[in-house]
Amino acid sequence: MFVKQSIQNSKSVFKTVRTADNRGFIHHKVLMLMNCWRQNVRFVLNLKISCRTHVVYFSTHPSHASILKELTDTKPLQQVHAQITVSNLSDNVFLCNRLMNAYASCGLIDQAQIIFSQISNKNLVSWTILVSGLTKNSRFSEAIDVFQEMVVREIRPNEVTIATVLPAFGKLGVALMGKSVHCYWIRHNFGYNVFVETGLVHMYLKFGCMKIARNLFDNMPERNVVSWNAIISGYSGNGFGEEALSMFNEMRRKGFSGDIFTLTSLLSSPDLRVGSAIHGLLIGTGYENDPLVKTALMELYINCDFVDDAYSIFKEIDKKDLVAWTLMLRGFSKSGNWRRTIEHFNNMMGEDGIKLDSVSLITILSGCSFSGALQQGRRVHALVIKTGFQADIFTGSALIDMYANCASMEDAKTCFECMQEKDVACWNTLISGYGMIGRGNEAIELFSNMKNSGLVPDESTFVSVLCSCSNAGLVDLGLQIFDRMTKLWNIIPSSKHYACVIDLLGRSGRVNEAYSVMKRMHLQPGVEILSSLLTACRIYKNLEVGIEISRKLFELKPNDAGYYVLLSNMYALAGDWDCARTSRTYLKSNNLKKNPGVSSIEISGEIFTFMASQKDHPFYMEINEFLKDLIFKIKSEGYEVDTDSVFLDVSNDVKKDILFHHSEKLAIAFGLMRTKPGTVIRVTKNLRICKDCHSACKFVSKVYARVLVIKDANRFHVFRDGVCSCRDWW
C-alpha cells in the first residue's frame with residue numbers, strides 16, 4: 001500500500017525495520033522495482049550496497065534483470081551496468097543478455113556488440129538478441145552477417161531468431177538469402193508459427209514477389225492483425241491500391257477491425273481514390289487527429305501533387321515533429337515552389353525542439369538541385385558541416401548531386417574526393433554530372449576509376465555512362481559499352497538503357513538504325529524511348545518514322561499535348577502546313593495545352609521565374625528595354641534570328657516577336673541587369689532550348705564577357721566566349 005502511494009513512503013517503511021534479517025528479499029525487491037520504474041537507480045544501487053553492511057544474502061541476479069527490463073534511459077542503464085561489473089556478475093550470461101537487450105533498445109547497438117563479444121558462453125538467446133538489435137537499429141547487413149556466423153557455428157536458430165532476421169533480407173532486397181532461410185524453415189519442420197509466416201509474407205512483398213506472398217498468406221492457418229497489415233501494406237506500397245482495399249474489406253469480414261497501422265498502410269497507395277476513401281473512414285473512426293495518421297495523409301496528398309491539401313493538414317498538427325516538417329519541405333520542393341520551400345525551411349530551422357537530420361538536409365539539397373539554386377545550396381552545405389553530417393554517405397551523395405545539377409563540377413568533385421566512404425551511388429552521381437555538362441571523356445575516365453576501386457557498376461552506372469556518351473557524341477564508344485554491359489557484366493538492358501542507345505544513335509542522325517534497335521528490343525518501348533526517337537525524327541526530318549512513332553505515343557499518352565506539338569513541328573519542317581494546323585487544331589478541340597516555356601534564375605539567394613511571352617511580369621518594362629539593346633548588340637556581332645525555330649504559319653515579324661520573348665532570353669536579360677560584371681548567369685529551363693536561343697546565348701557570352709549556364713530539359717549548356725560546351729551536339 002505504501003509503495004503504491006509513493007517512493008518516499010516506501011523508503012520510510014524500509015528504514016523502520018530494525019534488524020537485517022527482517023529486511024528480507026521482498027523489501028529489497030519491491031523498493032528496487034519501484035525506484036526502477038521512476039528511473040531512480042541511484043537509490044537502488046545505494047540500497048544494494050547498504051545491504052552488504054547488514055549481511056543480507058539473497059540472489060541479486062533477478063533484481064538486476066528486473067531493473068534492466070524496465071530501463072529506457074541511457075544514464076540509469078550505464079549505472080546498472082557499472083554495478084553488475086563491480087559485483088563480479090559480468091560472466092552471468094542471463095544478465096549479459098538482458099544488458100545487450102537494454103542497450104539495443106536504447107539505440108546503443110555498438111555497446112551491445114561489445115558485451116556480446118565478451119560473453120564466453122554465448123547461448124541461442126545471446127545470438128538472437130544481437131540479430132534482433134541490429135535489425136531494429138537498421139544495421140541490416142550486420143544482422144545478416146551475425147545470423148550467417150551463427151549458422152556456421154552450428155547454433156540452430158529458433159522461431160524467434162528467424163522472425164527477427166527476415167526483415168533484414170526484405171530491407172536489403174537479398175532475395176536469394178531470404179529464400180534460403182525460408183527453405184531452412186521448411187526443411188527443419190518448424191511447423192506453423194504466425195510470427196515467422198507473417199515475416200515471410202512481408203519479406204516477399206519487399207522483394208516484389210506478390211504472388212508468393214499472397215500464396216503464403218492464403219495458406220496461413222492462423223492470422224493476426226499484423227499478418228493482415230503486412231499483406232495490405234504490401235499491396236498498397238507496390239501500387240495495387242484496389243487490391244489493398246479489397247484485402248482490407250476481407251479483413252473486416254473475417255472479424256478483424258484493423259488498427260491505426262492498417263489505415264496508414266492503405267494511405268501509402270498512390271491511388272488518390274483509395275486514399276480519399278480511407279481519409280473519410282479515418283474521420284468516422286476518430287483516428288484522424290492522430291499525428292501518425294496526419295503524417296500519412298500529408299504524404300498521400302504530396303505524392304498525388306495536392307500540396308495545398310497536405311499543407312492544410314500540416315497546419316492542423318499541434319505538435320509538429322521533424323517528420324512532418326521534412327515531409328512538407330519535400331512537398332514544396334517537389335511542386336517547384338522554391339519561394340515556399342525556402343520560407344518553410346527557414347521556419348523549420350527556427351522551430352524549438354527541431355534538430356535537422358540527414359533526411360531534412362537531403363530534401364532541401366534536392367530542392368536546390370532541382371531549381372539550380374547554387375547560392376542557397378552552398379548555404380545548406382555550410383549547414384551540413386555545422387550539424388556534423390558531412391561524413392554521412394547519403395548527405396554527401398546529395399551534395400555531389402546538388403553541385404552537379406548546378407553545373408559546378410569542381411565543387412562536386414571536391415565533395416566526392418573529401419568523402420571517406422564512397423558507394424556506387426556517389427560514383428554514379430558524379431559520372432552523371434560530367435555527362436550532363438558534355439564532358440563525356442571525363443565521365444568515362446571516372447567510370448574506369450570506379451571499376452579499378454573494386455566497386456561493381458550497377459544498372460544506374462551504365463545509364464549514367466551511356467547518357468554521358470550521348471551528350472558528348474561518343475557514339476561508337478557508347479555502343480561498345482552497351483555491348484559489354486550485357487556480355488561482361490551480365491546486366492539485362494532496361495528501358496532506360498535502350499532509351500540512351502536510341503538517343504545516342506538518333507542525335508548522330510542514324511535514325512533508321514535507332515528505329516531498328518527499338519524493333520529488336522525484348523521490351524515494349526515506353527514513352528521515354530518513343531519520345532527520344534520522335535525528337536530525332538523531327539531534327540533530321542524523318543517524317544515516315546516520325547508519324548509511326550507519334551501514333552504509338554498517342555496510344556500511350558493520349559492527353560499529352562507535347563507529343564502533338566512535336567508532330568505538328570515535324571510537319572511544319574517538312575512544309576506540310578495543313579497537317580501541322582490539323583495537329584494543333586486537335587489540341588484546341590480536346591482542350592489540351594502544352595506546358596509553356598518557363599525559366600528561372602537565382603539572384604542573391606532568391607529565385608525569379610519567367611514565362612515565355614509573359615508581358616505582365618513586374619519587371620517586364622525594364623527587361624524589354626534591356627532586351628532591345630541586347631539584340632542590337634549581338635546582331636552587330638553577327639547574330640541572325642532563326643525564324644525556323646517557330647513552327648507556326650505566321651509572318652516573320654510575329655515569329656521574331658515570339659523568339660524575342662522566349663523565357664530564357666527574359667531570364668538572361670534580367671540576370672545581366674541585376675548582377676555585377678563577371679558574375680556567372682545560371683538559368684534553369686523546363687523545356688529543350690531552341691536553336692535561336694542557343695545561337696543568341698553564344699553571342700551574349702561573347703559580347704558581355706559572361707559565362708552563361710543554361711540547364712534545359714535534357715542537359716547543360718555552358719556558353720563561354722561565344723562557344724557552347726555541347727559543341728552544337730544537342
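**View 1. Helix α26 passes helix α27 in a left-handed crossing.** This close-up comes from a predicted model. Helix α26 covers residues 409-418, and helix α27 covers residues 424-436. Their axes lie 11 Å apart and pack at an angle of about 165 degrees. Angles over 145 degrees count as roughly antiparallel, so α26 is roughly antiparallel to α27. On the α26 side, the contact is made by Met409, Ala412, Lys413 and Phe416. On the α27 side, Cys426, Trp427, Leu430, Gly433 and Tyr434 take part. By class, these residues divide into 7 nonpolar, 1 polar and 1 charged.

**View 2. Helices α20 and α21 pack with their axes 10 Å apart.** Helix α20 runs over residues 307-316, and helix α21 over residues 322-334. The packing angle is about 160 degrees. The two helices are therefore roughly antiparallel to each other. α20 passes α21 in a left-handed crossing. Val307, Ala310, Tyr311 and Phe314 of α20 make the contact with Ala324, Trp325, Met328, Gly331 and Phe332 of α21. The contact holds 8 nonpolar residues and 1 polar residue, with no charged residues.

**View 3. The axes of helices α15 and α16 come within 7 Å.** Helix α15 spans residues 225-237, and helix α16 spans residues 241-253. Their axes cross at roughly 160 degrees. That makes α15 roughly antiparallel to α16. The crossing is left-handed. From α15, the contact takes in Val225, Trp228, Asn229, Ile231, Ile232, Tyr235 and Ser236. From α16, it takes in Gly241, Glu243, Ala244, Met247, Phe248, Glu250 and Met251. Sorted by class, the contact of α15 with α16 has 9 nonpolar, 3 polar and 2 charged residues.

**View 4. The largest nonpolar core has 180 residues.** The residues with the most contacts inside this core are Phe169, Ile231, Met518 and Ile549. Helix α35 (residues 561-573) gives the most to the core, with 9 residues. Leaving aside neighbours within four places in sequence, Ile231 is in contact with Val201, Leu205, Ala213, Arg214, Phe217 and Met247. A second, separate core has 35 residues. Ile603, Leu630, Ile631 and Ile689 are included in that second core.

**View 5. Leucine 267 lies in helix α17.** Helix α17 covers residues 260-267. Leucine 267 has a relative accessibility of 2%. Buried means under 20%, so leucine 267 counts as buried. Not counting residues up to four places away in sequence, leucine 267 touches Gly275, Ile278, His279, Leu282, Val293, Ala296, Leu297 and Leu300. Methionine 298 is 31 residues from leucine 267 along the chain. The C-alpha atoms of leucine 267 and methionine 298 are separated by 9.5 Å.

**View 6. Asparagine 97 is buried in helix α7.** Helix α7 runs over residues 93-105. The relative accessible area of asparagine 97 is 6%. With neighbours within four places in sequence left aside, asparagine 97 is in contact with Ile119, Asn123, Val125, Ser126 and Ile129.

**View 7. Histidine 381 sits in helix α24.** Residues 374-387 form this helix. Histidine 381 has a relative accessible area of 17%. The cut-off for buried is under 20%, so histidine 381 is buried. Histidine 381 touches Leu399, Tyr403 and Cys415, not counting residues up to four places away in sequence.

View 8. Consider the contacts with a separation of 6 or more: residues 24 or more positions apart account for 62% of them.

Methods. Residues numbered from 1 in each chain as written. Predicted model: local features only at pLDDT ≥ 70, side-chain atom pairs only at ≥ 80, totals over all residues. Heavy atoms only, no water. Helix = DSSP H or I, 4+ residues; strand = E, 2+ residues; numbered from the N terminus. Buried < 20%, exposed > 50% of the residue type's maximum accessible area, 1.4 Å probe, protein only. Contact = heavy atoms within 4.5 Å. Axes fitted to C-alpha atoms, helices over the stretch in contact; angles between N-to-C directions. Parallel < 35°, antiparallel > 145°, perpendicular 65-115°, else oblique. Left-handed = near helix turned anticlockwise from the far one by under 90°. Nonpolar A, V, L, I, M, F, W, Y, C, P; charged D, E, K, R; others polar. Core = buried A, V, L, I, M, F, W, Y, C linked by side-chain atoms within 4.5 Å.
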